[in-house]
Structures are given as C-alpha cells and as structure tokens.
Amino acid sequence: TRLNRDIEIIRTSESFPFVALKEIMKVKKYISREHVEDGLEVSAMREANKAHVFLLYILLSKTDADDWGGHRVASQKLEDLERHHIFPKEYLMKELELEDEDDPAKTEVILSNLGNITFILGSVNSGIGATPPSEYLGQYADRLSSHFIPTDQRFWTKEAYDNEEFQKERAKLIFNEAKKNFPDVFIEA
C-alpha cells in the first residue's frame with residue numbers, strides 16, 4: 001500500500017525524507033501565506049493545532065535557532081522545550097484587560113496564537129515571567145531573527161499586539177522562512 005511504501009522510505013532514510021516523500025505524492029499540495037496566518041486565529045496550545053507548532057519547530061531547527069540558553073532547538077525534543085509567550089500571558093491579561101472577556105476560548109487565541117509562541121529553555125522562560133517584551137527582548141537581540149521575532153522595537157508594544165501588527169509581521173517572517181527552506185511547498189497565493 002502507499003502507507004507501507006511511505007513508512008519504508010522513512011525507515012530507510014537517515015534524516016526525514018521530505019523530498020522523496022514529496023516526489024511520490026500524486027496530488028501536489030501547496031501552502032500559502034494565508035494558511036500560515038490561519039495560525040493567528042487558533043490557539044497553538046491546543047492539540048488540534050499541532051501543524052502550526054510543528055512548522056514553527058521545523059523552521060527553528062532549520063535556522064539553527066537556540067533555546068536562549070545556549071542549546072540548539074534542533075538538538076532537543078519538542079516536548080523538552082517550553083512554549084514561550086513572547087508577550088507573556090500575565091502581561092497581556094492585565095494590559096489588554098482580558099480578565100473581563102466572557103469567552104475563554106477567544107482569550108486563549110489572543111494569548112497563545114502562532115504569532116506569540118516560540119520555544120525556549122524553561123529556566124529562561126521562568127526568568128522572563130510577566131516582563132513586557134519592550135523590556136526583555138533587547139537582551140536576546142542576536143537571537144530574535146532565528147525565532148522570527150520582529151527586530152523593530154515598534155512591534156514590541158502593547159498597541160502593536162492589540163492591533164495584531166506584531167502577530168501579522170511574525171506570521172510573514174515565518175512564512176518567508178518556510179518559503180526559503182521549502183520553495184516547492186510554500187508559495188505566494
């Protein structure tokens with residue numbers, strides 16, 4: 001069966017055989033920027049949205065991103081990394097007055113969409129706590145690009161997050177990196 005063929009290709013390959021699997025696909029599937037931006041409308045913390053989180057992890061691995069503690073993301077299992085909210089949840093809850101929001105699912109999407117998540121070392125994540133991005137991101141300036149975090153400080157404000165400018169810019173950076181690494185799959189629509 002096709003499944004057995006695919007499993008055999010994966011089993012006999014030294015690394016993930018992306019190209020080999022893509023070549024034997026009968027139907028070509030492309031991913032547009034809009035598909036990546038769909039990650040801004042769902043919670044990246046939910047099991048059902050693994051595709052966006054997996055894409056982020058693959059791209060962090062491809063760019064040799066580190067976990068902000070000196071270890072390469074690619075050298076660690078996904079489950080061993082912490083999902084870091086670039087705009088910390090506690091900060092956003094207070095600043096955007098989300099305590100008054102009636103819909104917990106909507107609040108979760110605002111806090112934990114693809115645009116606000118990256119993977120870092122747990123102790124670094126704990127140390128950041130509820131610190132506003134404008135106060136802590138500068139300490140990691142040399143690592144922001146590899147995490148697809150806008151380096152322009154005008155995106156590091158509550159207003160930029162509330163207006164979704166930060167998230168849209170980050171989705172654009174994620175898509176551009178995906179297109180660079182997988183040009184046959186990620187295309188401009």
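Trainee: Which residue in β2 stands opposite histidine 84?
Mentor: That is threonine 118. Keep in mind that this is a predicted model.

Trainee: What makes β1 and β2 a pair of strands?
Mentor: Pairing takes at least two bridges. Strand β1 (residues 82-85) is joined to β2 by four bridges, so the two count as paired. The strands run antiparallel.

Trainee: How do you know that both faces of β2 are covered?
Mentor: Look at the residues on each side. Ile117 and Phe119 lie on one side, Thr118 and Ile120 on the other, and all are buried. As background, in a regular strand the side chains alternate between the two faces of the sheet.

Trainee: Why is leucine 40 called buried?
Mentor: Its relative accessible area is 12%, and buried means under 20%, so leucine 40 gets that label. Leucine 40 lies in the loop between α3 (33-37) and α4.

Trainee: What does leucine 40 touch, leaving out residues up to four places away in sequence?
Mentor: Its contacts are Val109, Asn113, Leu114, Gly115, Gln167, Lys168 and Ala171. Take glutamine 167: it is 127 residues from leucine 40 in sequence, yet their C-alpha atoms are 7.0 Å apart in space.

Trainee: Why is valine 19 called exposed?
Mentor: Exposed means over 50%. Valine 19 has a relative accessible area of 53%, so it passes that cut-off.

Trainee: Which residues touch the most other members of the largest nonpolar core?
Mentor: Val36, Ile174 and Phe186 do, in a core of 23 residues. At least two residues each come from α4 (50-62), β2 (117-120) and α10 (165-181), and the largest share, six residues, comes from α4. Apart from this core lies another, of 20 residues, among them Tyr91, Phe155, Tyr161 and Phe166. In soluble globular proteins, nonpolar side chains tend to be buried together.

Trainee: And what does isoleucine 174 touch, again without residues up to four places away in sequence?
Mentor: Isoleucine 174 touches Val36, Leu55, Leu56, Leu59, Leu114 and Phe148.

Trainee: What makes arginine 72 and aspartate 64 a salt bridge?
Mentor: The cut-off between nitrogen and carboxyl oxygen is 4 Å. Their closest N and O atoms are 2.9 Å apart, so the pair qualifies. The count comes to nine salt bridges.

Trainee: Why is arginine 72 called partly exposed?
Mentor: Its relative accessibility is 41%. Buried is under 20% and exposed is over 50%, so arginine 72 falls in between. Aspartate 64, at 47%, is partly exposed too.

Trainee: How do you know that the salt bridge of arginine 143 and aspartate 66 ties together parts that are apart in sequence?
Mentor: Their side chains meet at 2.9 Å, N to O. Arginine 143 lies in the loop between α8 (133-136) and α9 (158-162), and aspartate 66 in the loop between α4 and β1, so the pair ties together parts 77 residues apart in sequence.

Trainee: Is aspartate 66 buried or exposed?
Mentor: Buried, because its 13% is under the 20% cut-off. Arginine 143, at 22%, is partly exposed.

Technical notes: Residues numbered from 1 in each chain as written. Predicted model: local features only at pLDDT ≥ 70, side-chain atom pairs only at ≥ 80, totals over all residues. Heavy atoms only, no water. Core = buried A, V, L, I, M, F, W, Y, C linked by side-chain atoms within 4.5 Å. Buried < 20%, exposed > 50% of the residue type's maximum accessible area, 1.4 Å probe, protein only. Contact = heavy atoms within 4.5 Å.
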